[in-house]
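Here is a friendly briefing to read with the model open beside you.

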Amino acid sequence: SEAGAGWELPHAFLRLGNCKEAMARGRFQLPSAGAWKLQFYIGVPEYKRRARNTPAAFPDEKDATPSPEDLLTVSINGVNETFSTEGMANGGKLIYMKTFPFAAVLDYTFVFKSDTALEHLHMFAANGELAFLGAANTLPTALLHLPGGQGEIGGTLINAIDGHPLIPGALVSDGYSGGNRAVQVPVEAPVLRLMFGNAEMYQIPIVDGKFSKQVKAGGFACQVTLKGFYAFFDRECSIRDSADVSKVIALSPLLNPGSMRFILSWGSHPHDLDMMLTMPGDRCMVWWKRKQCHGLAALDFDVTAGYGPETITIAGVERGRYFLVVEHYKGDREVDRQRDMSPAVENSGAQIAFYFGNSVKRMVVGEDGYLKHKFWVVLRFDSESQEITTCTPEVCPIDHAGIIRNT
């Protein structure tokens, strides 16, 4: 399909234009002073003679082989690092990840140099992300607000694309390789951070994709960062006295510019929730009965035993509107007929993480979208305006099968 031809690629990357040298400089005011972890990747285009002239093709290009002499010098808060295409495979990626222990702003400079003036052959920086690790001197105050008692948190850390545990050194799928394992998990073992307000309360080691620890009871949020993967954050990781909490944490590999991804996670019940993504144009729907649409969108992973994740990757955004609905599979018998909605879905703890460009939007059942029969009707995404709209019955009307009606 050439439906996207001529459509401007969504701005999720930075690269040299049709020139041989340029600089981007600026200051980013952080929302809170403290420790921050910054991540983005540096990529090299890949020559393909039949690459399509659409955002779906990026970073493929058909002009020529990328230059082996491109340079990118990155300076952030006085920390300098230079990257070169020399030795990098075409289509390859390098991950930039740095922790800034005490930062209120990020002063950045990107200097690009090349021996060719052709934009499509230049290396690029893409999909920047900042993760807050906590503020200094907040722990003593936070400890005063904990209710007392202890509980246990445990669980697993897995790849959102194929469900494999994220064990250091293991190979997992990135959502682009047709199910092949193309990404190596970093050898540095990650940790689960429990946060209370701005304070980091615990760092829990994750060993071979598993974690478990007795901790003080409290209303925590939890976070995991891992090089080459989007950070995980869940504001609801509360630990009650004498109670156990089990988490399945699914991390998404970084996306290519122009791609997007939906990840559904939930609790132990119901066993089977399914995403239904309606595509622009012909209204093709990606779900468990039809796992691919338009050669771009695919259901990567489907879980039928609770927790999730269920993942859909769109390897090239098309012009138009996308609609996302979640269905409780075979959930008709659990519907409250008076309210015409499912208490099982309402109490499932279901969350959607929607990754697009440099942003992630998280939506929670009962707070976002609306419930109807056995469905959670979540969001509408307009790719041209890049506007995410929370669904209402007027914005996203559905029929008895959960199919979006004409809007």
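Both Cys-284 and Cys-293 are buried, where buried means under 20% relative accessible area, exposed over 50% and partly exposed in between (1.4 Å probe, protein chains only). A disulfide joins these two, Cys-284 and Cys-293, with an S to S distance of 1.9 Å; the term covers a pair of cysteine sulfur atoms within 2.5 Å. Please keep in mind that this is a predicted model, in which local features need pLDDT of at least 70 and side-chain atom pairs count only at pLDDT 80 or more, while totals for chains, interfaces and linings use all residues. Residues are numbered from 1 along each chain as its sequence is written, and side-chain values use heavy atoms, with hydrogens and water left out.

**Disulfides**

- By this rule the count comes to 3 disulfides, and with the bonded cysteines numbered in sequence order the pairing reads 1-2, 3-4, 5-6.
- The link of Cys-284 and Cys-293 is left-handed, with -75° about the S-S bond.
- Cys-222 is joined to Cys-237 by a disulfide (S to S 1.9 Å).
- That pair links distant parts of the chain, 15 residues apart: Cys-222 sits in strand S15 (residues 221–226) and Cys-237 in the loop between S16 and S17. Strands (E, at least two residues) are DSSP runs, numbered from the N terminus.
- Cys-222 and Cys-237 are both buried.
- In the disulfide of Cys-391 and Cys-396, the sulfur atoms are 2.1 Å apart.
- The torsion about the S-S bond of Cys-391 and Cys-396 is about -80°, so this disulfide is left-handed.
- Cys-391 has a relative accessible area of 2% and is therefore buried; Cys-396, at 0%, is buried too.
- Cys-19 counts as partly exposed, because its relative accessibility is 29%.

**An open sheet**

- An open sheet is formed by 4 strands in the order S13-S12-S15-S16, with antiparallel pairing; two strands pair if DSSP finds at least two bridges between them.
- Strand S13 (199–205) and strand S16 (229–234) stand at the edges with a single partner strand each, so one side of each has no neighbour in the sheet.
- On average, neighbouring strands of this sheet are turned by 20° against each other, direction ignored; the axes are lines fitted to C-alpha atoms, and angles run from 0 to 180 degrees between N-to-C directions.
- Strand S12 (residues 191–196) runs antiparallel to S13 and is joined to S13 by 6 bridges. Phe-196 has Ala-199 in S13 as its bridge partner.

**Nonpolar cores**

- The largest nonpolar core has 31 residues, of which Met-260, Phe-262, Leu-277 and Ile-352 touch the most other members. Such a core is a set of buried Ala, Val, Leu, Ile, Met, Phe, Trp, Tyr and Cys residues joined through side-chain atoms within 4.5 Å.
- The largest share of this core, 4 residues, comes from S28.
- Apart from it lies another core, of 27 residues, with Val-183, Ile-204, Cys-222 and Val-224 among them.

**Ser-259**

- Ser-259 lies in the loop between strand S17 (244–251) and strand S18 (260–265).
- Its relative accessible area is 3%, so Ser-259 is buried.
- The side chain of Ser-259 makes a polar contact with that of Tyr-176 at 2.9 Å; this means a pair of N or O atoms within 3.5 Å where, within protein, one must be able to donate a hydrogen and the other to accept it, and residues adjacent in sequence count only if both atoms are side-chain atoms.
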